[in-house]
Amino acid sequence: GGDTPRMGHFNSSLEDHTRDHGFFGYVGIEAVLDQMRHKAMKTGFEFNVMVVGQSGLGKSTLMNTLFKSKVSRKSCTPDYEEKIHKTVHLQSVSHVIEEKGVKMKLTIIDTPGFGDQINNENCWDPIEKYINVQYEEYLKEELSINRKRRIPDTRVHCCVYFLPPSGHWLRPIDVEFMKRLGKIVNIVPVIAKADTLTIEERLEFRDRIKRDLEAYEISVYPQKEYDQDVEDQILNDKIREKIPFAVVGTDKEHQVNGNKILGRKTKWGIIEVENVAHCEFSDLRDLLIRSHLQDLKDITHNIHYETYRVRRLNEIKMNGIGLSPLMLVNSGSEKDDAGNHV
Amino acid sequence: MSQAEKLKQGQFTNPETPGYVGFANLPNQVHRKSVKKGFEFTLMVVGESGLGKSTLINSLFLTDLYPERIIPGAAEKIERTVQIEASTVEIEERGVKLRLTVVDTPGYGDAINSQDCFSTIIAYIDDQFERYLHDESGLNRRHIVDNRVHCCFYFISPLGHGLKPLDVQFMKAIHNKVNVVPVIAKADTLTLRERERLKRRILDEIDEHGIKIYHLPDAESDEDEDFKEQTRILKASIPFAVVGSNQQIEAKGKKVRGRLYPWGVVEVENPEHNDFLKLRTMLITHMQDLQEVTQDLHYENFRSERLKRGGRLSSHGYILPLSPATVVHMKTQHLS
């Protein structure tokens, strides 16, 4: 049939046709985008963040500070007791938060027990498994015959990894964790409780960490290979310069010069969390929420999830046709008549 | 340190209301990505020859998709079966790119016996679904092109007293596969009274025969009044009665797109003369909804039917159906 498209190039000049006809005088393509934006706002967003790090690094406090509400497990569980868990187990807490008409279902996945034992070998296994299980759930729904219009997204969009403020180098557990998990999820490393370090110490620590990351070929967000265009690259290069961010978290407010400021009060001064001269909390917040939230989700969906999917489809294929779900057996070399139904 | 000095040193990134997290910015992030990505939209036009389909398409997008067109004579028409001709235009406006494909169906309704003229069209629609299903199921999904038909303008002749049997049959054959938007062509053949009567007649017949045409979604309660009013007017005007033209006519001291008659000029973009602007507005403001309904309803219907049937997938291989037993197996499978 004649269904090969012919290409034409054209620049619309609807401006020339602006008329005084009320609503219908000028309609632009922008109207499509406005509709999209409106719809996106109505449907709401899901965002799933995992926090990983030893006890006492301020993970829960930082999440509360980031989202300015009590979203962490600590704040939500009655009779919560601080204790060291014998194994790593994962717990997730979800909240729907709303801002200026935009609804977000935020899920924080906590990983108590990570790195807390004497022998921490393989403590990353339950975390790796959790992440993969979310991919598997999504894949199953995507493959089913009568699938949901909006597949519920429980995949981990971002994993914030807390580095203790030792000031030295990455520890073996840090290297092992980030190397493995950097392959399947977006990792954002942060220097926790950074008020223990002076500015100079922070800069040195950061440089050493960056050298380590490069030496061990650890992939952290934003990954250079996923920059879409020059504009992205310039923006992301600036971010890559500054990570890992040195952060401080708190939910306490103090009066400073007549303003209410989030901060930690000590005898030698108040550490202002949102003050960029004091720590890089604002940078982290801007990255995770204000500028790159959608990008974190897109990379998770388009890269990490797709990688998982391809691996799974190939695995299933190799295990034999008898058990295969929906998949394509590519013709060419594999023209078998064997598999019309299970 | 005083407040002024602090601000001067740029220490505070945002002097803002406390409690503001910032994810309200998310729709803007999505917006920016969509602008970068651009849109694809496929519009199919179906109707007998001579109803002004090509002229209307050219008018809608201010483009000339058929520059060297030769209109075939009756002798050639006798031999012709329905063809499918797809043309693609890239429109850019304010940095947003739209890749528009118009699928024309010359030959529809031309033959003396039009009994089978729509099987080609239905096969085309199904083929696009099939291709998308194939791409979506493949291993490399980074650059899937969406050529599915998002909307079908069905042209109704203004000369009859309503729908013809062919109109009814065709619309019933495709209403579960594509969004059908009925359009009364060459509306300048009718007076306004005749138009209203014809519209009512057509709507009655659509109801009577159980034809499912595309329904504009109601405006949400939190939209502004202008938009709500616009939606009301659009809904009340269906089916749109349109006039198209490629010619610029001098009228009332300015150049307008129109048709020059001894008794006056019919202006295409004059809402008092015809519904052309309403049709264009509807198309553009509902482009995204048309895509969504295609994806969520028509495509998903196609997909579930297809998966249940299984078997050969065009020339690309097999689709193995997902039996209930397999689904159960997958649900109980654990990763080791």
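Biologist: How are two packed helices described, and what is the angle between helix H8 and helix H9 of chain B?

Modeller: Two packed helices are described by the angle between their axes and the distance between the axes. In this predicted model, helix H8 (residues 225–236) and helix H9 (residues 276–285) of chain B pack at about 120°, and their axes lie 11 Å apart. That angle makes H8(B) oblique to H9(B). Angles under 35 degrees count as roughly parallel, over 145 as roughly antiparallel, 65 to 115 as roughly perpendicular and the rest as oblique. Axes are lines fitted to C-alpha atoms, for helices over the stretch in contact, and angles run from 0 to 180 degrees between N-to-C directions. Helices (H or I, at least four residues) and strands (E, at least two) are DSSP runs, numbered from the N terminus.

Biologist: Which residues of H8(B) and H9(B) meet?

Modeller: On the H8(B) side they are Gln230(B), Ile233(B) and Leu234(B), and these meet Lys278(B), Thr281(B), Met282(B) and Thr285(B) of H9(B). Contact here means heavy atoms within 4.5 Å. By class, this contact has 3 nonpolar, 3 polar and 1 charged residues. Ala, Val, Leu, Ile, Met, Phe, Trp, Tyr, Cys and Pro count as nonpolar, Asp, Glu, Lys and Arg as charged, and the others, Gly among them, as polar.

Biologist: Before we go on, how should I read the numbering and the values?

Modeller: Residues are numbered from 1 along each chain as its sequence is written, while chains are lettered from A and ligands numbered from 1 in the order in which they are written. Local features need pLDDT of at least 70, side-chain atom pairs count only at pLDDT 80 or more, and totals for chains, interfaces and linings use all residues; side-chain values use heavy atoms, with hydrogens and water left out.

Biologist: Now a strand, please. Which way do the residues of strand S5 of chain A point?

Modeller: In a regular strand the side chains alternate between the two faces of the sheet. In S5(A), Cys158(A), Val160(A) and Phe162(A) point one way, and Cys159(A), Tyr161(A) and Leu163(A) the other way. Buried means under 20% relative accessible area, exposed over 50%, partly exposed in between (1.4 Å probe, protein chains only).

Biologist: Which strands are joined to S5(A)?

Modeller: Strand S2 (residues 45–52) of chain A pairs with S5(A) in the parallel sense over 4 bridges, and Val51(A) stands opposite Val160(A). Strand S6 (residues 187–191) of chain A also runs parallel to S5(A), joined by 5 bridges, with Val160(A) opposite Val188(A). Two strands pair if DSSP finds at least two bridges between them.

Biologist: Is Glu267(B) buried or exposed?

Modeller: Glu267(B), found in strand S9 (residues 264–267) of chain B, is buried, with a relative accessible area of 11%. Leaving out residues up to four places away in sequence, Glu267(B) touches Lys252(B), Val256(B), Arg257(B), Gly258(B), His273(B) and Asn274(B).

Biologist: What is phi in Glu217(A) and in Lys186(B)?

Modeller: Glu217(A) is not a glycine, yet its phi is positive, about 55°. Glu217(A) sits in the loop between H6 and H7 of chain A and is exposed, with a relative accessible area of 67%. In Lys186(B), also a residue other than glycine, phi is positive and near 45°. Lys186(B) is partly exposed, at 40%.

Biologist: Where are the cis peptide bonds you wanted to show me?

Modeller: One joins Tyr221(A) and Pro222(A), with omega about -5°. Another runs from Ile243(A) to Pro244(A), with omega near 0°.
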